[in-house]
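Trainee: I would like a close look at a single part of this model. Please take it slowly and then show me what lies around it.

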There are 2 protein chains.
Amino acid sequence: MVTLAEVARHAGVSASTVSYVLSGKRPISDPTRRRVRASIEQLGYQPHAGARALASSRSRIIALMVPLRTDMYVPVMLEIAVAVATAARAHGYDVLLLTGEEGPSALRRVTGSGLAEAVILMDVQLDDERLPLLRAAGPPAVLVGLPADPEGLNCVDLDFAAAGALCVEHLADLGHREIAVIGESPGVYARHTGFAERTLRGLRDGAAERGVRLLHRPCEGGHDAVAGVLARILDERPGVTAFVVQNETAVEPLLTLLRRTGRAVPEDVSVVAVCAGQVAAQASVPLSSVAIPAQELGRSAVERLVAGLSRPEGADTARVELLTPALTVRDSSGPPPPPAGVGS
Amino acid sequence: MVTLAEVARHAGVSASTVSYVLSGKRPISDPTRRRVRASIEQLGYQPHAGARALASSRSRIIALMVPLRTDMYVPVMLEIAVAVATAARAHGYDVLLLTGEEGPSALRRVTGSGLAEAVILMDVQLDDERLPLLRAAGPPAVLVGLPADPEGLNCVDLDFAAAGALCVEHLADLGHREIAVIGESPGVYARHTGFAERTLRGLRDGAAERGVRLLHRPCEGGHDAVAGVLARILDERPGVTAFVVQNETAVEPLLTLLRRTGRAVPEDVSVVAVCAGQVAAQASVPLSSVAIPAQELGRSAVERLVAGLSRPEGADTARVELLTPALTVRDSSGPPPPPAGVGS
DNA sequence: CTCGCCCGTCGAAGCGCTTCGATCTTCTTG
DNA sequence: CAAGAAGATCGAAGCGCTTCGACGGGCGAG
């Protein structure tokens with residue numbers, strides 16, 4: 001392994017000079033810099049990460065905690081994770097992968113040992129057990145998601161309430177008066193995962209404002225579960241003319257079931273989804289949908305973290321950033337069919 | 001931050017003693033050990049990761065390189081990644097997340113800087129550009145996947161050839177004589193991703209052995225793409241009575257399309273998949289399938305790495321491990337319909 | 001022409017930990 | 001009963017890097 005000292009010797013300068021060339025924290029004359037750079041190149045020098053972290057007490061590592069549950073749509077999670085990794089690299093950081101499993105203790109571990117200088121948390125619950133740790137002078141952190149009380153925390157998320165409202169508005173504009181919502185797994189609500197509840201609130205508020213009837217049902221993924229939920233909905237509210245789906249694994253089963261029971265989309269019923277853009281676009285009927293901006297979320301989380309890390313200490317930037325949702329109209333939403341008995 | 005020295009002072013011993021208590025590399029008397037442990041506990045001491053890595057030249061970090069392509073089924077990737085993280089933690093290692101984007105240079109970086117002591121590579125291609133680096137006295141590495149020439153490399157993967165053969169055998173046993181394969185995206189084959197090609201070979205060999213006609217067509221995900229491919233297959237080979245699908249995003253569209261064109265599964269056509277178990281189980285017709293053992297793959301990769309790392313240097317364990325596939329019979333496969341004209 | 005200043009560079013002191021003798025006991029054994 | 005073995009602990013020397021204060025030489029100003 002090549003060390004700083006060897007580079008220094010090779011370039012005929014002192015170790016500190018090489019260090020300053022690398023960090024740019026002090027001016028180095030052009031010829032010297034060139035010489036050092038050449039030596040670095042020639043010897044294939046790579047600074048030792050541990051030594052660096054020790055001397056500077058900055059590891060240049062961000063810990064990313066991803067849930068390991070499987071009842072939520074996974075591709076979005078991976079997409080965010082990859083976006084985080086990519087954005088982090090762009091700022092010279094690496095990403096440490098933590099699973100939600102370990103909870104707060106994992107945060108303490110990587111943070112207390114100086115392994116990671118900051119953390120990004122995904123799948124934040126309304127009353128997350130990791131929050132106290134972060135508020136109590138914990139490490140710099142950004143949550144992807146919004147807890148019940150974001151006070152003193154740095155959060156980024158899609159404005160799911162607005163997303164919900166957007167869906168209702170779109171359908172109300174088309175003339176729908178009775179809407180059913182097929183939601184995430186019951187487990188997601190039971191855990192009080194913020195985004196699910198916020199979407200629901202947005203849907204309800206929107207419905208109230210537009211005088212639309214709304215029925216919400218959580219739903220497991222998979223064909224059979226959706227079949228059950230759908231049957232109950234249609235039984236309870238035969239007048240439903242539109243669905244809002246917030247559960248990627250329910251999308252295709254729903255379309256299949258509607259088709260099978262003779263309901264054409266969008267002629268007989270409209271469907272709007274809140275889900276990964278790709279899922280909506282590739283569905284058997286391309287769905288009008290509000291996409292979850294995974295890339296954007298990951299990128300934004302990193303940027304805020306990095307901004308905070310390089311800011312002159314103490315300047316607390318705890319703030320909530322809610323991305324504005326956008327509804328993409330595809331083929332699955334249209335006006336409701338004319339009321340029965342009134343021929344077209 | 002609490003340091004080793006403070007713990008030592010608090011416990012009334014020398015720093016080295018504390019270190020030996022922690023590492024167990026020298027015998028420490030019971031009372032002393034107890035005292036040191038108590039001090040550690042009381043002060044909330046956490047060893048500094050960087051200092052440790054510097055002094056011992058072991059970072060206890062494994063780098064995991066995940067692809068960031070989206071044309072392959074993502075949940076399996078995440079599942080493997082999470083399994084790797086979990087298994088690594090069980091052995092006292094942490095996992096650094098690398099995206100495939102950066103290629104060999106990322107490996108050189110994390111490895112050359114001592115950030116990671118070993119790497120796990122996912123989405124390995126037959127002629128992967130990262131391989132030369134690994135063979136040339138690179139860092140300890142395990143590939144999840146199988147390149148064209150695994151010589152000198154440590155690989156774990158599902159035996160996709162056997163998986164392919166298994167599918168054909170199952171269908172042949174049921175009496176099918178003409179099978180169509182709906183494969184991964186053309187891009188996957190163009191990249192020469194090992195698993196896709198190996199599955200295909202297994203399918204072809206199996207078909208040859210059993211005297212079954214086989215037609216293979218790559219296929220993008222999404223409804224429309226599947227529709228196109230399916231139409232062409234049915235046109236070209238009207239006698240097809242069974243499908244093997246190796247493309248998670250094609251599964252549901254295929255079932256939808258078969259249904260819509262009046263083909264009942266499994267009465268008229270059988271469908272067998274090679275995909276994530278959950279996808280097969282939750283499909284609108286639960287699919288007979290060969291599952292991809294994501295957990296197992298991740299775990300195994302870590303175990304081999306850890307075994308190698310703690311082995312007395314030089315004992316090269318380059319070896320290929322192919323997991324034996326298992327076919328789970330669900331509702332989507334049955335005997336072919338009786339030949340036309342011959343009433344049942 | 002000389003003083004003081006700034007620019008560019010160097011030396012040395014750590015950062016917190018591991019590890020290798022060395023030291024001091026306490027046993028064991030011939 | 002002395003000599004050596006074995007056990008328990010200590011001290012010190014780094015690991016490779018950052019960073020702070022110091023230093024020397026060239027320059028403009030007085």
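Which residues point one way from S6(B), and which point the other way?

Mentor: Keep in mind that this is a predicted model. Start with the strand itself. B:Glu178, B:Ala180 and B:Ile182 point one way from S6(B). B:Ile179 and B:Val181 point the other way. Residues on both sides are buried. That makes five of the five residues of S6(B) buried, so the strand is largely enclosed by the rest of the structure.

Now look at the neighbours of the strand. S6(B) pairs with S7(B) in the parallel sense, over five bridges.

Next, go to B:Glu178. Its side chain meets that of B:Arg213 in a salt bridge, 3.2 Å from N to O. B:Arg213 lies in strand S7 (residues 213–217) of chain B and B:Glu178 in strand S6 (residues 178–182) of chain B, so the pair ties together parts that are 35 residues apart in sequence. The strands holding these two residues are also joined by the five parallel bridges between S6(B) and S7(B). How exposed are the two partners? B:Glu178 has 13% relative accessibility and counts as buried. B:Arg213 is partly exposed, at 46%.

The whole structure holds 36 of them over all chains. Take A:Asp30 and A:Arg34, where the closest N and O atoms are 2.2 Å apart. Both residues lie in helix H3 of chain A, residues 30–43. They are four residues apart, about one turn of the helix. A:Asp30 is partly exposed, with a relative accessible area of 36%. A:Arg34 is exposed, at 55%.

A:Arg89 and A:Asp94 form another salt bridge, at 3.8 Å from N to O. A:Arg89 is partly exposed, with a relative accessible area of 24%. A:Asp94 is buried, at 5%. These two belong to a network of salt bridges with shared partners, which also takes in B:Glu102 and B:Arg109.

Aromatic rings come next. The structure holds two aromatic pairs over all chains. One is A:Phe160 with A:Phe195, a tilted pair at 5.1 Å centre to centre and 50° between the planes. A:Phe160 lies in helix H8 (residues 160–174) of chain A and A:Phe195 in helix H10 (residues 194–210) of chain A, so this pair ties together parts that are 35 residues apart in sequence.

B:Phe160 and B:Phe195 are tilted, at 5.1 Å centre to centre and 50° between the planes. B:Phe160 is in helix H8 (residues 160–174) of chain B, and B:Phe195 is in helix H10 (residues 194–210) of chain B. The pair links distant parts of the chain, 35 residues apart. B:Phe160 is buried, with a relative accessible area of 4%. B:Phe195 is buried too, at 15%.

Finally, turn to DNA strand C. There are 28 residues around it. A:Thr17, A:Thr32, B:Leu4, B:Arg26 and B:Tyr45 come nearest. Sugar and phosphate make up 54% of the atoms of DNA strand C that come within 4 Å of the protein. The surface near DNA strand C has 13 nonpolar residues, 11 polar and four charged. H4(B) gives the most to this surface, with five residues.

A polar side-chain atom of A:Thr17 lies 2.4 Å from a phosphate oxygen of DNA strand C. A polar backbone atom of A:Ser14 is 2.9 Å from a phosphate oxygen of DNA strand C. In the side chain of B:Tyr20, an N or O atom is 2.6 Å from a base nitrogen of DNA strand C.

How values were computed: Residues are numbered from 1 along each chain as its sequence is written. Chains are lettered from A and ligands numbered from 1 in the order in which they are written. This is a predicted model: local features need pLDDT of at least 70, side-chain atom pairs count only at pLDDT 80 or more; totals for chains, interfaces and linings use all residues. Side-chain values use heavy atoms; hydrogens and water are left out. A residue is near a molecule or strand if one of its heavy atoms lies within 4 Å of it. A polar contact is a pair of N or O atoms within 3.5 Å; within protein, one must be able to donate a hydrogen and the other to accept it, and residues adjacent in sequence count only if both atoms are side-chain atoms. Ala, Val, Leu, Ile, Met, Phe, Trp, Tyr, Cys and Pro count as nonpolar, Asp, Glu, Lys and Arg as charged, and the others, Gly among them, as polar. A salt bridge is a side-chain nitrogen of Lys or Arg within 4 Å of a carboxyl oxygen of Asp or Glu. Buried means under 20% relative accessible area, exposed over 50%, partly exposed in between (1.4 Å probe, protein chains only). Two strands pair if DSSP finds at least two bridges between them. Rings of Phe, Tyr and Trp (its six-membered ring) pair if their centres lie within 6.5 Å; planes under 30 degrees apart count as stacked, over 60 as edge-to-face and the rest as tilted.
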